[in-house]
Amino acid sequence: MEKIAILTDTGSDISKSLAEKFGIYLMSFYLNSNGNYRKEVDINHEEFYKELGEMESFPKTSIPSPGELIEKFNQIKKDGYNKLLVITISDKLSSFNNLCNSLSYVPGLDIKVINSKNVALGSGMLALYASELLKENIEFDELVEKIEGLIHKSKVFFSVNTLKYLKAGGRIGRISASLGEALSIKPIITCDTEDGQYVVLKKIRGKKKQLSHLISMIKDILKDKKKYYIVVSRGENVSGFDRLKEELSEEIENAEKFITTTLTPTLAANTGPGLIGVGFLDLD
């Protein structure tokens, strides 16, 4: 008899509490801030955002060790599971996917690793939906097929106040980052699910126009959608977060599932504290 578990990483914007709610196993990334490496699940988000604005250097992130991942796989097997679906953020943004693939042979535990080619809840929504499918007693092979078929239907869009954090983390080209800083550009960014890398969709002058464009874009995308998940995520930008939820109230009301999150510190370290993000998983 198949007993299936789901595992994802904190780069998918899945918090400890959200993972527990959906019955998902979670691998925590590490964050080096002020010279100390800490498991991301042990970091207070609000305190970290305050620290981030005061740090003299940019924080560094790292993935779990091979030993920790093997220990997690063995724990899942010990918990009685014989099938495991691992959904990771893009292999172009983290080496965690490669680590999972290299350690995916565990006797007695059939492991399938999926590269979401996405980040934050663009990746995390796939794990959340997979956990919902398990309630339907879906077979493992069908589960894998369904989730792989949704990779290009899971989208996340986010606005940032500055490109300097992405630049420091090597996530975008230096020329684009410098141009943005020089012209005070406020970009809207997504993750291209063809190659799994960040793409600047729009360069906008002015913070208010940036959020307005993000809201308008989501409304336009969802206007003909019948079945979808929608998620709103934030750093410390509470006013923008509230406005986005208010102006997308109709889209939120029509969603199969609506989720709000506070951006995990790993993601905030690479985007800055002022992020506002919105994503959807198209289930039509």
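**A guided view of the protein chain**

The protein chain contains 12 helices and 13 strands, where helices (H or I, at least four residues) and strands (E, at least two) are DSSP runs numbered from the N terminus. Its radius of gyration is 18 Å, close to the 19 Å that the globule rule gives for 284 residues, so the chain is as compact as a globular protein of that length. This radius is taken over C-alpha atoms, and the rule is 2.2 Å times the number of residues to the power 0.38. The model is a predicted one, in which local features need pLDDT of at least 70 and side-chain atom pairs count only at pLDDT 80 or more, while totals for chains, interfaces and linings use all residues. Residues are numbered from 1 along each chain as its sequence is written, and side-chain values use heavy atoms, with hydrogens and water left out.

In soluble globular proteins, nonpolar side chains tend to be buried together. A nonpolar core is here a set of buried Ala, Val, Leu, Ile, Met, Phe, Trp, Tyr and Cys residues joined through side-chain atoms within 4.5 Å. The largest has 41 residues, and Leu84 and Val119 have the most contacts inside it. Leaving aside neighbours within four places in sequence, Val119 is in contact with Gly11, Ile89, Leu93, Val156, Cys191, Tyr198 and Leu267. A second, separate core of 31 residues includes Ile6, Ile114, Leu126 and Val231.

Two individual residues complete the picture. Asn32 lies in strand S3, which spans residues 30-33, and is buried, with a relative accessible area of 19%. Apart from residues up to four places away in sequence, Asn32 touches Tyr37, Pro59 and Lys60. Glu256, in turn, sits in the loop between helix H11 (249-253) and strand S12 (257-262). Glu256 counts as partly exposed because its relative accessibility is 48%. With neighbours within four places in sequence left aside, Glu256 is in contact with Lys227, Tyr228 and Tyr229. The C-alpha atoms of Glu256 and Ala5, which are 251 residues apart along the chain, are separated by 23 Å.

Key. Buried < 20%, exposed > 50% of the residue type's maximum accessible area, 1.4 Å probe, protein only. Contact = heavy atoms within 4.5 Å.
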